[in-house]
Amino acid sequence: MRTRVTDMFGIELPIFAFSHCRDVVAAVSRAGGMGVLGALYFTPEELETELKWIDDHVDGKPYGVDVVMPASYEGADFAPEELVGRLQAMIPEGHRAFVENLLGKHGVPPLSSDADPGRVLLGWTDATARPQVEVALRHPIALLANALGPPPADVVDLAHRHGVKVAALASTPRHALKQVEVGVDVVVAQGTEAGGHTGEISTMVLIPQVVDAVDVPVLAAGGIGNGRQMAAGMALGAEGVWTGSLWLTVDEADTPEMAKRRILEATSRDTVRSRSWTGKPARLLRNEWTEAWEAEESPGTLPMPLQFMLVSDALRRIGRSDASELATFPAGQVIGLTNQVRSTKDVMFGLVEEYAEALERLDRITQD
C-alpha cells in the first residue's frame, strides 16, 4: 500500500497503533505499520527505559511517541514548582468526600502505607509533558503525536529540527486547521466512537470534512477495528488509519486480566463519554463509576487537571481491590468487535486481508 504517510515514514502499511504497551508498539512496527507509545503515565526516567527497550526490539523500523499537551487547563499560568500545591488547594472538600463515600459503598480499602506515590499530574500539563518530549527526542523516533489539540508551536519546531514529524488529533475541522497552522505534518481525525478523549462528531461525518479542510495527510480514527472499516476511512479520503482500542486484547498487551476479560465480553453500547476520568470528555467503559458521576447526588466533575488529581488515588485503590464494578478505563466502541485474543501480527495481517477483500467487493459491484 502506498499513500503520503507510507512515503513520509517509510512504512509498508498506513496503520498506526496507539498503545501504552511497548511490546505492542514494537510488534506493530515490525509488522509493517507504525506503533506509537502513549507516554502519559511514564515518568521521564521510565519513558527512557521504555524507549530504549523499543529501540532494541523494533528491528530498526520506525515508531512514534504520543504525549498529552492540552491547549487549555486549570493552572496553566502557575509556576512549575508550585503547580501541584496550588492545584490541590483548588479541589473542593465536597468532591473529596463524594469520592470517599463512593469507594466506601463498594468496600474499596485505602492504599497501604508502603504504596508507591501517586502521579496526579503526570503528562496532563504543558510543564509535565515537556520532559517527556525531551526524552522522546533523544531516541530515533519518527513521529511525535499530541493527543489533546494542537501542540505548542515551539514543540513542533523542536521536533522538526530533530527530523521528527508531528501529528495531532482533531475532533472538528476547526481543530484540524489550528493544528496545520502550528505546523503539524499529519492530522488524526478522530470520531466520537474512539476511546479516550474524543469529540461529538462521528467518524463517517468527520473524516471528509477534515480531508477537505487541510492539505496535509489525514488519518482516520475512531471505530477502526477491521479492514472493512479501514477501507471506509480510506474511501472517505484518509491516507491511513489510527487505531487504539483494537490492541487492548492482543497477546502482547499488558492490559490487566480483569480489564481484558471485560473488553472481550463488552458490546459497543458498553462505553460512554464521561468527564469522570480527566475533566474533559473521554470515552470510557460504562460502569458504576461513570454512572455515579452522572447521578443526582454527584457534585459534578472538575476541569482538567483537577479531576484526575481528585480521582487518581481512587482509581489506584479500585485497581488493587475486588471492586471490578468501579474499574473503568478508556475504550472505544470498537470493543464490541473484539471477542478473542490474537497476536499483534495476526491482527495486522487480518486488517490487510479484510481491506483487500473490501476493495474486491467494491470492484465487483462496479463491474456489475
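**View 1. Glu 100 and Arg 317 join up in a salt bridge.** In this predicted model, the two side chains come within 2.8 Å of each other, N to O. Glu 100 sits in helix H5 (residues 93–105) and Arg 317 in helix H13 (residues 306–319), so the pair ties together parts that are 217 residues apart in sequence. Glu 100 is partly exposed, at 43% relative accessibility, while Arg 317 is buried, at 11%.

View 2. Asp 56 is partly exposed at 48%, and Lys 52 is partly exposed at 43%.

**View 3. Asp 7 pairs with Arg 2.** Their side chains form a salt bridge at 2.9 Å, N to O. Asp 7 counts as partly exposed, with 45% relative accessibility, and Arg 2 as exposed, with 70%. The model's salt bridges come to 10.

**View 4. Arg 283 is buried but has no salt bridge.** So what's around it? The nearest side chain of opposite charge, Glu 193, is 6.8 Å away. A polar atom of the Arg 283 side chain does lie 2.7 Å from the backbone oxygen of Thr 192, and the Arg 283 side chain also makes a polar contact with that of Thr 271, at 3.2 Å.

**View 5. Strands E7, E11 and E10 line up, in that order, as an open antiparallel sheet.** E7 (196–197) and E10 (271–274) stand at the edges with a single partner strand each, so one side of each has no neighbour in the sheet. E10 and E11 pair over four bridges, and Arg 283 in E11 is the bridge partner of Arg 273.

Key:
Residues are numbered from 1 along each chain as its sequence is written. This is a predicted model: local features need pLDDT of at least 70, side-chain atom pairs count only at pLDDT 80 or more; totals for chains, interfaces and linings use all residues. Side-chain values use heavy atoms; hydrogens and water are left out. Buried means under 20% relative accessible area, exposed over 50%, partly exposed in between (1.4 Å probe, protein chains only). Lys and Arg count as positive and Asp and Glu as negative; His and the chain ends are not counted. A salt bridge is a side-chain nitrogen of Lys or Arg within 4 Å of a carboxyl oxygen of Asp or Glu. A polar contact is a pair of N or O atoms within 3.5 Å; within protein, one must be able to donate a hydrogen and the other to accept it, and residues adjacent in sequence count only if both atoms are side-chain atoms. Two strands pair if DSSP finds at least two bridges between them. Helices (H or I, at least four residues) and strands (E, at least two) are DSSP runs, numbered from the N terminus.
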